[in-house]
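Subject: Structure handover

Hello,

Here is the structure for you to look over. My notes follow below it.

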Amino acid sequence: MDEIIKIKCPFDGAVLSIKNQPGLESKSVTCPICKHKYPFTQFKVVTPGINKDDDPPTDYPGGEERTSYGADKPTDLGAMNFTPGRVVVVGTGVSYRLKPGRNIIGRKASKSAADFGIDTGENRKMSREHIVIEIKKVPAKGFVHYLSLYKEKVNKTFVGNEPLVYGDCIILNHGDIIKLPDADLRFEIPNEDDTDYETAL
C-alpha cells in the first residue's frame, strides 16, 4: 500500500494528501485550490502532531489526480463565496443546504452514513453513500466546494457531461449539474438573503 504524505502549498497554505512515490522530488504538483503548479521541493511536508496550528487537511483518495474537468471550463476561485452552497434535486425542487466540512449524499435508506438521502423510489442504482461534497474555508476566498466519489465501486456518475472517476477532486461552480444514477443535482451558491426551502430529514 502506498504511503500518503501531507504537503502544504507555498502559495495559499492548503494542505494536500499525495502518494509518496519514487522520484517525487523531481515532479511538479498542482494545488487544487490556487491552481498554481510548483516543484514538489517547494511544498512543505506536514508532520502530524508538529504542525498543530495548520488547518485540518482535506484527504482525497488518489492524491494529486485530476482536480478539474473540461479543459476549457474555468474554475472561478476569484468569486468570493461566503455562504456554503446547496444542492437541488432537479425536477423536484427539493434542496439540501450543505455545511462546512464533509457532506455525504446518497440514496435514502434505513441504514446509511449519508447526511442527505435522496428518495429514488424503487430504483437502487444510486449507492447509499455515493458522493462527498467537502466545503473548506480558504482565507480571502470564502468557501470552496470539492466533489469526489465516496467509494470506488458506484454506478456511472457525471459532472456535466464529464465522468466522475474515483480519485477525482472537482471544484464545483454555481450551476454545475451532478448526474447521479436515478437523480440529477444542481449545485448552487445561494445569495445571503435567499430563503432556503429545505427538506427535513
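**Overall make-up**

The protein chain has 16 strands and 0 helices. Both are DSSP runs numbered from the N terminus: helices are H or I of at least four residues, strands are E of at least two. This is a predicted model, where local features need pLDDT of at least 70 and side-chain atom pairs count only at pLDDT 80 or more, while totals for chains, interfaces and linings use all residues. Residues are numbered from 1 along each chain as its sequence is written, and side-chain values use heavy atoms, with hydrogens and water left out.

Of the 201 residues in the protein chain, 42% are buried. Buried means under 20% relative accessible area, exposed means over 50%, and partly exposed lies in between (1.4 Å probe, protein chains only). The accessible surface of the protein chain is about 11200 Å². Carbon and sulfur atoms hold 49% of that surface. Areas come from the Shrake-Rupley method with a 1.4 Å probe; for residues, only the protein chains shown count as cover.

Contact means heavy atoms within 4.5 Å. Among contacts in the protein chain with a separation of 6 or more, 53% join residues 24 or more positions apart.

**Sheets**

Two strands pair if DSSP finds at least two bridges between them. E1 (residues 4-8) and E2 share 5 bridges in the antiparallel sense. Lys6 stands opposite Ser17 in E2.

Another open sheet has 5 strands in the order E9-E8-E10-E11-E14, with mixed pairing. E9 and E14 (170-171) each have a single partner strand, so one side of each is left without a neighbour in the sheet. E10 and E11 run antiparallel and are joined by 8 bridges. Ile131 has Leu149 in E11 as its bridge partner.

**Cores**

A nonpolar core is a set of buried Ala, Val, Leu, Ile, Met, Phe, Trp, Tyr and Cys residues joined through side-chain atoms within 4.5 Å. The largest one has 24 residues. Ile105, Ile131, Ile133, Leu147 and Leu185 have the most contacts inside it. Strands E6 (86-89), E9 (116-118), E10 (131-138), E11 (142-149), E15 (177-180) and E16 (183-188) each supply at least two residues of this core. Apart from it lies another core, of 18 residues, including Val29, Cys31, Phe40 and Tyr146.

Beyond its neighbours within four places in sequence, Ile131 touches residues including Ile105, Leu147, Thr157, Ile178 and Leu185.

**Residues to look at**

- Arg86 is found in strand E6. Arg86 counts as buried because its relative accessibility is 13%. Its side chain makes a polar contact with the side chain of Glu188 (2.9 Å). A polar contact is a pair of N or O atoms within 3.5 Å; within protein, one must be able to donate a hydrogen and the other to accept it, and residues adjacent in sequence count only if both atoms are side-chain atoms.
- Ser127 lies in the loop between E9 and E10. Ser127 is buried, at 11% relative accessible area.
- Asp182 is in the loop between E15 and E16. Its phi is near 75 degrees, a positive value in a residue other than glycine. Most residues other than glycine have a negative phi. Asp182 is partly exposed, at 32%.

Best regards
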